[in-house]
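User: Hi, I have just opened this one and would like a careful walk through it. Could you start with the terms and then go region by region?

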Amino acid sequence: MEYFYIKPDVAGGIGRGTIMDTSVHPPVVGKLVYQMEGWFGDVIITTFPCFLVVAEVKQALQNIGFSGANFAHAEITKSEDFLELQPHVELPQFVWLKVDGKAGHDDFGIAGDLRLVISKRVLDLLDDFGIPSATVEPYDGR
């Protein structure tokens with residue numbers, strides 16, 4: 001199977017109320033509050049060290065029987081900039097995609113350089129739902 005690095009859109013950042021242990025690298029997040037700064041339709045978004053997907057993608061992933069991740073609740077807030085610049089944008093429901101797989105083996109994994117690695121079938125699924133701002137390149141096994 002082919003694998004790819006994917007750099008999802010950074011649509012926001014760590015919000016107030018997030019519980020995170022920054023004494024380790026990468027930080028370990030216990031509770032995620034994602035503050036949306038601007039969203040342009042991508043179904044997978046990020047802020048280091050977390051990834052989120054829309055609920056429809058979660059369901060589609062469960063339907064194909066993916067490996068290397070699980071889901072958890074994430075609280076989504078909107079920044080003042082978001083409210084000012086995109087006041088009419090209705091956000092879909094996002095869920096936290098907690099990646100714990102092995103890069104180049106599971107459908108989701110984290111490479112040694114901490115980049116997200118996904119399988120071709122996950123890339124195809126994400127592409128079908130829409131990842132206009134994501135950067136994708138072949139995984140080189142590192």
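Analyst: Let me begin with burial: a residue is called buried under 20% relative accessible area, exposed over 50%, and partly exposed in between, using a 1.4 Å probe and protein chains only. This is a predicted model, in which local features need pLDDT of at least 70 and side-chain atom pairs count only at pLDDT 80 or more, while totals for chains, interfaces and linings use all residues. Residues are numbered from 1 along each chain as its sequence is written, and side-chain values use heavy atoms, with hydrogens and water left out.

User: Okay, is Pro-26 buried, exposed or partly exposed?
Analyst: Pro-26 is partly exposed, with a relative accessible area of 33%. Pro-26 sits in the loop between β3 (19-21) and β4 (28-31), where strands (E, at least two residues) and helices (H or I, at least four) are DSSP runs numbered from the N terminus.

User: And what does Pro-26 touch?
Analyst: Leaving aside residues up to four places away in sequence, Pro-26 touches Phe-48, Pro-49 and Leu-114, a contact being heavy atoms within 4.5 Å.

User: Switching to helix α1, which of its residues are buried?
Analyst: In α1, which spans residues 55-64, the buried residues are Val-57, Ala-60 and Leu-61. They lie on the same side of α1, because they cover an arc of only 100° around the axis, the arc being that of the directions from the helix axis to the C-beta atoms. An α-helix has 3.6 residues a turn, so residues three or four places apart point the same way.

User: What do those buried residues pack against?
Analyst: The buried residues of α1 pack against β7 (50-54), β8 (69-72), β11 (108-110) and α3 (120-129). After α1 comes Gly-65, whose phi is positive, near 70°.

User: New topic: how many aromatic pairs are there?
Analyst: A search of the whole structure finds 4 aromatic pairs. Rings of Phe, Tyr and Trp (its six-membered ring) pair if their centres lie within 6.5 Å, and planes under 30 degrees apart count as stacked, over 60 as edge-to-face and the rest as tilted. One of them joins Trp-39 and Phe-94, which are edge-to-face at 5.9 Å centre to centre, with 90° between the planes. This pair links distant parts of the chain, 55 residues apart, with Trp-39 in the loop between β5 (33-36) and β6 (44-47) and Phe-94 in strand β10 (residues 94-99). Trp-39 is buried at 14% relative accessible area, and Phe-94 is buried at 4%.

User: What about Phe-66 and Phe-108, how are their rings arranged?
Analyst: The ring centres of Phe-66 and Phe-108 are 6.0 Å apart and the planes are at 90°, so this pair is edge-to-face. Phe-66 lies in the loop between α1 and β8 and Phe-108 in strand β11, so the pair ties together parts 42 residues apart in sequence. Phe-66 is buried, with a relative accessible area of 17%, as is Phe-108, with 1%. Phe-66, Phe-71 and Phe-108 form one aromatic cluster.

User: Last one, how much space lies in the largest pocket?
Analyst: The largest pocket holds about 520 Å³ of space. Of the 26 residues that line this pocket, the closest to its centre are Pro-49, Cys-50, Phe-51, Ile-110 and Leu-114. On a 1 Å grid over the protein atoms alone, a pocket is an open set of points where a 1.4 Å probe fits, with protein on both sides within 12 Å along at least five of seven lines, and lining residues have an atom within 4 Å of a point. Grid points are joined across faces, edges and corners, and the volume is the space filled by probe spheres set on the points. The largest share of the lining, 4 residues, comes from β10.
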